[in-house]
Amino acid sequence: MKTKLIGHAVLRAAHRKTAGIAGVAGLAALLLAGVVQADELVIAGRDGVYGDALAYAIDAYKKVSPDTEVELLKLPYGSLYEKLVVSLRGGADAYDVIVADDTWMPEFTANGWLKPVTADLSGVIPSLAALSKGKDGQVVALPFAGNVEMFAYRTDLFQAAGLEAPKSWSDVLKAAEVLKAKDPNVAGVVFRGTKGNPIVTGFLPIFWAHGGEIIDGSGKAALASPAGVKALQQFLALKAYAPTGVETYNATEVRDALQQGRAAMAIEVWPAWVPSLDDAEKSKVVGKVAIGPAPGETKGPAPMLGIWQVAVPSGAPNAEGAQKFLAFLNGADMQKELALRFGLPPTLTALYADKDLVAKYRWYPDQLKALEAGVSRPRIKQWPQVESILGDHLQLALVGQMAPEEALQKASADIDKALAKK
């Protein structure tokens, strides 16, 4: 008879069940019945491509650590956050490894919910490495995917119109006007206008490039500065050269407009969207779209970082195994495989010059420039509320229900209220 392997999570569940009946004696009975503890990792992760990539990494890890049992939970964005907060807040031992959006990390680190990470950060893109550290400088997470916002433009249309690649957002606005006039069937520019995260994400690189600050040094909302107002005026001016109904556009509409040749520029594209532009079965503009960092304005390029991180909860039962898995996940070989197989952007600088990766993703050298110039969203626990408030007011301005300065003033007032809540 083969011995049955039961991991940490199952043994903990068994302990909870037997505690009310026979306590330790009940657990002992399970062990005497031929049950032994395996080295198990319980991982709370994302669904979609991130979950698929993590599942692949887990299978590869089992080959080098065959005695490790791994349970992976693939959860939607909102559910993952809710489950993590409930578990971490209660000090529960439900997970050994967690996958987290960077915007959640200030809350997690401020509350002491994470263990220090021992894996090596050398070779990690500096902007990403900086986000892996808490306020005390201690490493508390590893970047899992080097996501960064980029800018896209049609090289063939720019060449035909005698235009150079935009170096500033003012150049983008001028080019959008020229290109729209040259061919009314092609929008000069496209962006996500849906309220909340989509419109905020498109606006921030323009806002930061003008020198705007969301939260100032005193901890107050600073959106309605002269720089902020000018940035929003410029953002709203782009609407005149965008497709009709852009205020309802999300990722699918932006990607389709580019792929089908209906837009000359996109102020925002992400690594997950880009490969399809060179897929002849999906795209009419193969090889005609340049991808790179967002333009600058009064300051240099300021593309938004949108990275995912992996960390070890402070109550992780198998913290030692978790640290080993994180080191494996961060290795160059695994990072390269995840990029080739799933399009997951690497977090290691050297991989953006890897000949196999550049052959598949021609824009990787420019993507690295975007990552190196990347800006993180404010490292505050209230960012989800701040983003929601700003997104609502930006959309009101986009549809003409508020003037730019009014929208930013009211957003700032509401954000200050949110920040005051501890």
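Student: Which residues in H10 meet which residues in H17?

Tutor: The model is predicted, so local features need pLDDT of at least 70 and side-chain atom pairs count only at pLDDT 80 or more, while totals for chains, interfaces and linings use all residues. Residues are numbered from 1 along each chain as its sequence is written, and side-chain values use heavy atoms, with hydrogens and water left out.

Gly-228, Val-229, Leu-232, Gln-233 and Leu-236 in H10 meet Pro-404, Glu-405, Ala-407 and Leu-408 in H17; contact means heavy atoms within 4.5 Å. By class, this contact of H10 with H17 has six nonpolar, two polar and one charged residues (Ala, Val, Leu, Ile, Met, Phe, Trp, Tyr, Cys and Pro count as nonpolar, Asp, Glu, Lys and Arg as charged, and the others, Gly among them, as polar). Helices (H or I, at least four residues) and strands (E, at least two) are DSSP runs, numbered from the N terminus.

Two packed helices are described by the angle between their axes and the distance between the axes. Helix H10 (residues 226-237) and helix H17 (residues 404-420) pack at about 125 degrees, with axes 9 Å apart. Axes are lines fitted to C-alpha atoms, for helices over the stretch in contact, and angles run from 0 to 180 degrees between N-to-C directions. H10 and H17 are therefore oblique to each other (under 35 degrees is roughly parallel, over 145 roughly antiparallel, 65 to 115 roughly perpendicular and the rest oblique). The crossing of H10 and H17 is right-handed; a crossing is right-handed if the near helix is turned clockwise from the far one by less than a right angle, and left-handed if anticlockwise.

A second pair can be set beside this one. H9 and helix H16 (residues 383-398) pack at about 85 degrees, with their axes 8 Å apart. H9 and H16 are therefore roughly perpendicular to each other. In H9, Asn-197, Ile-199, Val-200, Phe-203 and Leu-204 meet residues of H16 including Trp-383, Glu-387 and Leu-390. By class, the contact of H9 with H16 has eight nonpolar, three polar and one charged residues.

Ile-267 lies in strand E8 (residues 265-269). At 1% relative accessibility, Ile-267 counts as buried (under 20% relative accessible area, with exposed over 50% and partly exposed in between, for a 1.4 Å probe and protein chains only). Among the residues that Ile-267 touches are Gly-202, Ile-206, Phe-235 and Leu-238, not counting residues up to four places away in sequence.
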